[in-house]
Amino acid sequence: MGIRSILAPVRGDGKGEIVLDHACSLAKRLGAHIDVIHARARPKDMLPFGVLMTDAMKATILDAAEIHAKDEEQRVRNLFDNYCADNGLKIVEQGQSAQDGSTISWIEKTGKQANLVGLYGRIADLVVVPKPDAELGINTLEAALMDAQVPTLMCPNKKPENLGNTIALAWNGSEQAARAIKRSMPILQEASTVYLMTSDEDGQTSGLSASDMQIALTRHGVDCVVHQLDVDHEIGQTLLDMAKGVRADMLVMGAYSHSRRRELVMGGATHYIINNARMPVLMLH
């Protein structure tokens, strides 16, 4: 299964251009189409919770919220149009596929961004989201991972240079790691260099060794170099340090091998990398 449809959620938070930079970089490499989705706020969500007010007050707030939603929609759409013009992207109607290069569509839906990503992500091959700031943006990331269960690229706040050229794979023999690698195969097949990073090279813990995965990758035309991780501190930091050391421009990993609640309480590689990564990370639950 190839990657032909990339979903890129944007809103007026200043991160839309970065999301599009990463989405376009992959789309051009893979010949994929980009669906840019913007969540238009529902006026009723602007009503203060638990505050008593008259019908007239509610009507005034709803009217103002509707005007604001229309203005915000137009502002973000203008930014989108300008970005496409500046980067030579062909805007097509939703439903049209790429024919002569990367194409892009605009989707405007009413609702919360996380809910829309969880829904439309189900029919996408990949979702691109910005790295969350504290708690802002984490709902969208987790909607893609947990609700849509689609490969999700978390991108840092800087424009990529060679996205997908040198890739580091995090391997621990888990179901999540195996699925992440298999679903990212179209990207791996286009890469120049792939590193398979593991702290359990012989598979004594998981039952699947790095050599087992290396053979599977070779059968798909992906040659990789195995790197043994020396885990003397946080595994998430070890992965990031190793990926940086081999000059990888993307890290691919399974996400939340434990439940999210356990990760938050006890700590885990996914939680650590979401908070600390400064490079693009492709994850799959």
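Predicted model: local features only at pLDDT ≥ 70, side-chain atom pairs only at ≥ 80, totals over all residues.
Residues are numbered from 1 along each chain as its sequence is written. Local features need pLDDT of at least 70, side-chain atom pairs count only at pLDDT 80 or more, and totals for chains, interfaces and linings use all residues, while side-chain values use heavy atoms, with hydrogens and water left out.

**Overall**

- The protein chain has 10 helices and 11 strands, taken as DSSP runs numbered from the N terminus (helices H or I, at least four residues; strands E, at least two).
- Of its 285 residues, 49% count as buried, meaning under 20% relative accessible area with a 1.4 Å probe, protein chains only.
- Among contacts in the protein chain with a separation of 6 or more, 77% join residues 24 or more positions apart; a contact means heavy atoms within 4.5 Å.

**Aromatic pair**

- The model has one aromatic pair, where rings of Phe, Tyr and Trp (its six-membered ring) pair if their centres lie within 6.5 Å.
- Phe 80 and Trp 106 form this pair, at 5.1 Å centre to centre and 45 degrees between the planes, and it is tilted (under 30 degrees is stacked, over 60 edge-to-face, the rest tilted).
- The pair links distant parts of the chain, 26 residues apart: Phe 80 is in helix α2 (residues 55–86) and Trp 106 in strand β4 (residues 103–110).
- Both Phe 80 and Trp 106 are buried.

**Cavity**

- There is one cavity of 30 Å³ or more, a cavity being a set of points on a 1 Å grid over the protein atoms alone where a 1.4 Å probe fits but cannot get out.
- The largest cavity holds about 110 Å³ of space, the volume being that filled by probe spheres set on the points, which are joined across faces, edges and corners.
- It is lined by 14 residues, of which Arg 11, Asp 13, Lys 15, Gln 113 and Pro 130 are the closest to its centre; lining residues have an atom within 4 Å of a point.
- β1 (5–10) and α1 (16–30) each give at least two residues to this lining.
- The lining has six nonpolar, four polar and four charged residues, with Asp, Glu, Lys and Arg as charged, Ala, Val, Leu, Ile, Met, Phe, Trp, Tyr, Cys and Pro as nonpolar, and the others, Gly among them, as polar.

**Helices α5 and α7**

- In α5 (residues 175–183), Gln 176, Ala 177, Ala 178, Ala 180 and Ile 181 are buried.
- Elements covering these α5 residues include β7 (166–170), β8 (193–198) and α7 (210–219).
- In α7, the buried residues are Ala 210, Met 213 and Leu 217.
- These three lie on the same side of α7 because they cover an arc of only 65 degrees around the axis, taken from the directions from the helix axis to the C-beta atoms.
- The cover of the buried α7 residues includes α5, α6 and β9 (224–228).

Conventions. Buried < 20%, exposed > 50% of the residue type's maximum accessible area, 1.4 Å probe, protein only. 1 Å grid on protein atoms, 1.4 Å probe; cavity = no way out; pocket = protein on both sides within 12 Å on 5 of 7 lines; lining within 4 Å.
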